[in-house]
Amino acid sequence: MAFTIGSLIYSGSIFSVIIYLLTRFSVKLGSIFTTVLFGLYVYAIYILKDSVSISFIHLPGAYNLTFKADLFNWPFLMIGTIVLFVSALFSIHGLKSFKSAASFNFLSVLVGTSVLGVFGANDLLTLFIFWELMTWASFFLVSMGKKEARSAALFFLFMSMISAYLMIYGMFLVYNKVGSFSLDVIANNWGDLSDIRGRLFVLFVLAGLIKGGVWPVHVWLRTTHGNAPNIFSSVLSGILIKFGSFIVYLFVVFFPAFYLTTKGVSSVGAEKLSHPILAYIGAISIMIGTLSAIRQNDFKKLIAFSSVSHAGYIVLGIAFGTGSAILGGLSHIWVHALTAAGMFLSAAAVYYVTGTTNMDEMGGLVRKMPITFTTYLVAIISVAGIPPLAGFVSKWLIYQALIAKGNYLLTFIAFFGSVGSFLYVFRPLATVFLGQLPHKYDSVKEVPWSMQLSMLIVTILTIVFGVFPSFMLKPIIRIEEALSIPTVKIEGYSNIYTMLTQLDMFLVAIIFGIGFIFVTILFFLLAKSTKVEQYEQYTAGEIVQEISTTPEIYHYSKNYYRSFERVIEWAPSLEEYYRIAARHISRFYDILDGIIFKSGIPMYVWFITITILVLLLIRW
Amino acid sequence: MVKNPVLLIALPLIIGFFTAFISPFIKKGYSIIAIFTAAITTILSSLLFSNSGTDLITYPIGGWSTKYGIYLISNIQISGLLVLVNFIAFLALIYYSIKERDLGSELGYSLGFILSIAAVNGLILTGDLFNMFVFIELLSIGGYILATHKGGYYSAFKYVVLSSIGGLFFLIGVISIYNVTGLLSLLYIPKTESFHNLPAIFLIVLSVIWVIGLSGESELFPLNMWVGSVYKNTSTSAVVFFASVLSVGGIYAIIKLLSLIFNNGYAAIYRYIYALGLITLFIGEAVAFKQKDAKKMLGYSSIAQAGLIISLVALSIKSSLNIDLYSSAIFQLINNIIAKALVLFGLGVIGYSGFNKLKGVGKERREVALLLTIGTLSLAGMPGFAGFWSKFYIVKSLVSNGEIVFLVVFLFSALFEVYYLLRLSQIILFEPQEEEVSLEIPSIVEYVILTMLAAVILYIGFYPNVIYNLICKVGLIGG
């Protein structure tokens with residue numbers, strides 16, 4: 001049976017209704033069906049690996065929705081469907097206490113089809129339609145979250161609509177010029193678009209940055225990711241913000257390089273593809289994301305800011321323009337999709353058993369939830385770019401490119417982001433999983449099997465892509481070769497050759513493995529740890545009523561990075577400026593309402609008199 | 001016989017007259033007569049629609065020449081709109097009959113509805129200025145009655161004041177043009193020598209005065225201040241009439257005036273009406289954004305849509321008729337009235353419109369809330385629903401004509417529109433309940449009404465070009 005994107009989307013839209021009805025009947029059954037559907041997606045995309053599959057959905061009239069799966073979008077489709085599958089698997093048990101599970105699954109399937117539709121689009125109209133589908137479906141999904149989720153969803157909607165409207169304008173600009181929405185036609189005519197190329201670039205890249213959560217338009221991420229339903233956060237951060245990276249990739253790399261390749265240019269170098277301003281925006285995003293993440297006390301908001309920082313890496317890599325940088329940027333999409341999924345899923349698992357994402361209130365969960373802990377640990381090691389995990393590979397490629405071009409400022413920022421990420425991702429590790437277990441969690445257990453399995457898949461993939469990076473890099477290198485971008489060479493499963501040096505990840509992994517075993521042996525031989533009850537060590541176990549202390553404030557995770565925060569707390573928050581702007585607009589609208597509509601008949605008389613006077617003035 | 005659209009106007013008027021005539025003897029069942037009237041006008045307009053082509057056909061009345069006498073005009077666009085408007089009126093009357101019959105005197109309000117149908121049909125069909133004025137006045141009378149359906153007398157009073165002033169403005173315009181050309185026929189005025197010799201400034205004032213004259217009925221700035229309070233204070237069936245029936249009459253009358261009289265490239269005049277429309281669009285969306293009452297909010301949204309449509313039409317006659325801009329405006333009109341009717345019916349079925357009361361009612365009335373959400377998503381222009389395609393065609397025609405200022409104003413206001421519309425759905429579906437509300441159990445008929453409208457929206461959402469090519473892409477060019 002031949003799968004096409006079109007047929008997958010068809011089946012998705014039919015199944016969405018079936019799954020809705022099934023979930024009304026039984027939550028578990030509905031989620032299992034969703035998982036099977038997304039599993040089918042993963043399988044279908046996997047077997048489309050080496051083919052070019054063109055398909056369409058016929059809309060009566062002039063426009064058809066056209067889809068394509070080929071080497072240029074295959075990596076995006078693959079990682080997208082994997083994250084969808086994993087989070088659906090997680091939801092089999094994860095939706096147990098969820099109030100609107102039926103709508104959740106229904107909308108999840110719509111989001112799933114929109115992932116296929118956006119990454120698999122062969123024309124801008126299709127891309128735009130599925131982009132908007134994703135917007136309204138995820139708006140409702142986010143609305144299902146915590147108490148503040150409603151206003152967060154509206155903010156998300158507002159920002160998404162800005163990016164959608166930038167896109168729709170750009171879309172018709174191209175259409176007017178080349179008479180088609182098709183990506184191929186646009187790529188082939190890219191050179192003739194010189195008079196509108198600047199505008200197109202600004203419109204689409206800005207739209208991509210908004211969606212991708214890059215500074216200075218990242219402000220929606222904190223509240224949206226922080227308040228969305230836990231399972232959906234992983235899809236939102238893992239895949240949906242990658243829509244933005246995809247658009248940036250199309251306009252920064254794909255169109256220009258494809259055009260030059262068809263014109264017979266044999267090597268498309270960085271001088272054609274690099275966009276310094278965009279690269280610096282990516283770098284600022286790394287800084288801001290990292291510094292803001294350190295200040296968060298909420299598990300999920302922390303991960304949200306880490307997404308800002310990692311979106312920065314992706315943009316920096318893509319916009320820097322050399323083969324190695326683009327490879328690093330695009331593979332970082334894979335890395336971050338997996339690690340974001342891993343972190344948000346472990347946050348969801350913690351929430352599932354504790355009912356909170358506030359890090360102050362947790363601790364010591366490692367003994368209760370080893371799988372969740374491992375998932376989180378692997379994800380953060382990958383996020384921090386520490387070998388031998390996938391995150392190291394992509395960041396290493398970006399460092400290589402930056403150093404090879406001698407751009408030390410960007411290199412410094414990229415390193416800073418890595419070290420910084422270690423600071424902030426360590427905080428949940430220490431405060432949620434390590435340390436003392438509060439008594440209220442004495443009876444918690446590890447999460448059910450489906451959640452464990454889905455977290456394990458993410459963990460294993462992160463390790464596999466780290467130790468054998470060719471699985472992740474080969475598909476992207478294929479893109480670069482097809483676009484005549486000079487790229488790095490890869491041998492076997494793990495040997496990477498760049499301009500500067502050579503790296504065998506398998507060897508690195510073995511060395512790390514030996515080190516790990518050695519330290520473990522030492523730990524068990526030498527360590528003589530004492531188990532201390534949480535309330536034993538402070539104030540000798542006494543609660544001092546006179547100064548109204550409570551046990552909680554003595555928890556060591558309280559104000560974990562207070563000293564660090566003190567250094568950076570003077571820094572203004574961009575969110576605050578957005579809020580002030582919104583308040584002013586809102587007040588202006590109030591004034592309009594007050595003057596025009598709330599006033600009574602006497603005011604109308606004034607209006608009408610003024611109208612007549614104006615008319616008279618025009619006439620005479 | 002059925003081919004002559006005059007029955008669409010005459011029949012409701014005759015039925016209305018006889019209803020009053022028999023009222024001393026029959027005490028109940030007037031709403032059935034109203035439903036019956038709307039059903040017949042829907043069937044008649046469908047017959048007219050099936051016999052229509054793209055050419056504008058004139059139907060003289062009383063055997064007079066169309067140059068001097070009274071006549072009606074119709075083509076596939078006009079008859080298509082009539083089918084839609086009469087059908088929505090039919091649905092509203094069914095709703096009125098099962099739920100709101102006892103709100104006021106059944107006789108009085110049934111007559112008000114019948115009268116409004118006659119007036120709207122007349123306004124859409126008429127081909128001469130004097131009858132247009134008559135139907136505007138008739139429409140106002142229908143409007144006054146409907147505005148008081150739930151006892152909102154002060155808001156009805158606002159409507160009375162504003163629309164009578166509008167009528168006066170319109171009449172001044174009619175008299176001026178009659179003085180100059182000696183004609184009242186929409187099709188013949190632009191052909192006369194004297195009209196061609198008129199100074200540009202006269203045409204500007206004439207067109208602006210007409211648009212202002214009709215701004216009461218069509219909910220345009222500046223005579224639209226009644227909208228919010230009337231929408232809030234009247235019954236569901238009446239508010240559906242205002243949003244999806246009466247306003248269509250007003251808007252289409254302006255469209256006729258602009259595209260029949262000023263269609264030969266009077267570049268000087270388009271700018272004023274275009275600006276008026278854009279101001280209306282912006283103010284409407286801005287004010288709707290601030291509302292805390294769903295019906296009021298939708299009222300201001302109607303204002304904004306009227307502004308958008310009139311701006312597009314004004315722009316389309318800038319030089320000779322630009323069919324892309326024109327048809328996107330008509331498409332927007334159609335999608336807007338269907339979706340708005342759906343949302344307003346949905347709110348009516350729920351029974352509340354204040355945001356604090358609406359919170360969380362979707363949990364108890366899930367089906368109604370979901371159907372209503374189809375309406376809000378369509379109004380917000382989301383893909384999969386009809387509204388997406390009208391937004392699509394509007395942006396397409398604006399970009400291809402290089403109207404970037406318009407585009408920016410449109411998209412900027414649309415941002416807020418999407419925000420407040422989806423916020424309404426969010427409040428209904430996801431907010432936790434705050435106040436105790438007592439909900440009636442909806443009858444099957446109400447579900448049928450909502451489902452029908454939702455099905456139309458989804459149908460257009462997936463097959464946009466059926467409606468677009470058939471009805472919208474037809475210019476009103478006088479033959």
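## Strand pairing in chain A

In this predicted model, β3(A) pairs with strand β4 (residues 495-497) of chain A in the antiparallel sense over three bridges; strands count as paired if DSSP finds at least two bridges between them. Within this pairing, K489(A) lies opposite Y497(A) of β4(A). Strands here are DSSP runs (E, at least two residues) and helices likewise (H or I, at least four), numbered from the N terminus.

The pair belongs to an open, antiparallel sheet of three strands, ordered β3-β4-β5 (chain A). At its edges are β3 (489-491) and β5 (502-504) of chain A, each of which pairs on one side only. From one strand to the next, the twist averages 15 degrees, with axes fitted as lines to C-alpha atoms and angles running from 0 to 180 degrees between N-to-C directions.

## Basis of the model

Residues are numbered from 1 along each chain as its sequence is written, while chains are lettered from A and ligands numbered from 1 in the order in which they are written. The model is predicted: local features need pLDDT of at least 70 and side-chain atom pairs count only at pLDDT 80 or more, whereas totals for chains, interfaces and linings use all residues.

## Fold of chain B

Chain B contains 19 helices and two strands. Its radius of gyration (taken over C-alpha atoms) is 21 Å, close to the 23 Å that the globule rule gives for 479 residues, so chain B is as compact as a globular protein of that length. That rule is 2.2 Å times the number of residues to the power 0.38. The C-alpha trace of chain B spans about 70 × 60 × 40 Å along its principal axes.

Of the 479 residues of chain B, 65% are buried, a class that requires 20 or more other C-beta atoms within 10 Å of the residue's own, C-beta atoms being placed from the backbone.

Beyond its neighbours within four places in sequence, L342(B) contacts residues including L371(B), L450(B) and I457(B); contact requires C-beta atoms, placed from the backbone, within 7 Å.

## Interface between the chains

Contacts join 42 residues of chain B to 38 residues of chain A. On the side of chain B that touches chain A, α17(B) provides the largest share, 10 residues.

Methods:
Two residues are in contact if their C-beta atoms, placed from the backbone, lie within 7 Å. A residue is buried if 20 or more other C-beta atoms lie within 10 Å of its own, exposed if 12 or fewer, and partly exposed in between; C-beta atoms are placed from the backbone.
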